[in-house]
Amino acid sequence: MIIFFYGDNNFKAKRKIQELKTKFFQEIDPNEHSFNVLDGATVDLDEISQTVNTGSLFTKKRLTLIENIFANKKISILEELLDYLQKNNLEKSDDILVIYEPKLKNQKGKIVKVSPNGEKDSPLNAKEKKLFEFLSQQKFTQEFKPLTPAELAGWIKTEVEKRGGTIKPTAITELINYSNNDLWQINNEIEKLVNYKEAGIEITNSEIEKICSPAVDDNIFALTDALGSKNKSLALKILEDQYHLDVADEYLLAMLLRQFKIILQLKVALAGGENLGKAGLSLGLHPYVAQKSAGQAKYFDLAQLKGIISDLTHLDYLNKTGQTNFKTGLNLLIAKM
């Protein structure tokens, strides 16, 4: 049997693979002797053949996972693998071969390879296309797409309820903003929130701010640095790069607001005689965030920081009430700084 998973929703795909493994171990291989993982980026056909074809001494079936085969640098590997799969008729075998390709996604009806560094995604070449077409025609094929905002909000609500909790809609939005849509982080934060909150008590924004750890985003630090040094052209370029990467408006605004609030709080604490370690600890900051933010505090005086926070808060209100275009509003705000 061949199972093919692809798509850049790594969390959902990994969870599905874990479910397959758990079922395999429970029903077929309780001692976990007949499961193998191959790194597709470096594997060759001999290793695949030896792993898949070697019968297990302990069970009647074997489960093999190959991940990232489309990232393999060997030019002929995809053609060799396709030929091997077809000649050995593995789709009808009792053994289970799972091929997971996290760097392939459906983009407007065309399958593309996701760039590892945020650059433009690339179309499949002829060999990649042939292998993908064969795999995608298998009976057990699934694409794992990123969740839409509505799907993500629904997923968070369901996950919280599965673990015996409840959460306010505004807190769901706040959690999404804190995590930049990262399901791995959201899953970890949900676990912390449900364990922190007493059963039957609804999770609110207050718990998100108190318990959750915002994603550390060096792009936000870079943007704040550019604003502090009055390099508006660089600030606008960094902002434009974020738009090209489809970073959500709400996330950008939430992270900028948070960063300037941190700078203000640290500036006040340090001016009052606290050392950085103690100030960062009292504010619940990661040491890296505290150090970077303290360095940025020298760019701004207290009046500037309060003014920026007020302007960002007002922009947030205008954006939420549909009175302005977020990108235009933020660009104008940067031009004013």
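The model is predicted.

**Entry: the sheet**
I looked up an open sheet of 3 strands. Its order is β5-β6-β7, and the pairing is antiparallel. The edge strands are β5 (104-107) and β7 (122-123), each pairing on one side only. I then checked β6 (residues 110-113) against β7 and found 2 bridges. Val112 has Pro123 in β7 as its bridge partner.

**Entry: from β6 to α4**
I searched the whole structure for salt bridges and got 12. One of them joins Glu128 to Lys113, with the closest N and O atoms 3.0 Å apart. Glu128 sits in helix α4 (residues 126-136) and Lys113 in strand β6, so this pair links distant parts of the chain, 15 residues apart. Buried or exposed: which is Glu128? Glu128 is buried, at 7% relative accessibility. Lys113 is partly exposed, at 22%.

**Entry: helix α5 and its end**
I noted a salt bridge between Glu161 and Lys157, at 2.7 Å between the closest N and O atoms. They are 4 residues apart in helix α5 (residues 149-162), so about one helical turn separates them. Glu161 is partly exposed at 41%, and Lys157 is partly exposed at 42%.

Next I took Glu159 and Arg163, whose side chains form a salt bridge (2.9 Å, N to O). Shared partners join Arg15, Glu159, Lys162, Arg163 and Glu191 into one network. Glu159 is buried at 4%, while Arg163 is partly exposed at 24%.

**Entry: the patch**
I found a surface patch of negative charge made by Asp39, Asp44, Asp46 and Glu47. Glu47 lies in helix α2 (residues 45-53). Glu47 is partly exposed, at 38% relative accessible area.

Definitions and conventions:
Residues are numbered from 1 along each chain as its sequence is written. This is a predicted model: local features need pLDDT of at least 70, side-chain atom pairs count only at pLDDT 80 or more; totals for chains, interfaces and linings use all residues. Side-chain values use heavy atoms; hydrogens and water are left out. Patches are made of residues with over 30% relative accessible area and no salt bridge: like charges are joined within 9 Å, nonpolar side chains (Val, Leu, Ile, Met, Phe, Trp, Tyr) within 5 Å. Accessible areas come from the Shrake-Rupley method with a 1.4 Å probe; for residues, only the protein chains shown count as cover. A salt bridge is a side-chain nitrogen of Lys or Arg within 4 Å of a carboxyl oxygen of Asp or Glu. Lys and Arg count as positive and Asp and Glu as negative; His and the chain ends are not counted. The place of a charge is taken as NZ of Lys, CZ of Arg, CG of Asp or CD of Glu. Buried means under 20% relative accessible area, exposed over 50%, partly exposed in between (1.4 Å probe, protein chains only). Two strands pair if DSSP finds at least two bridges between them.
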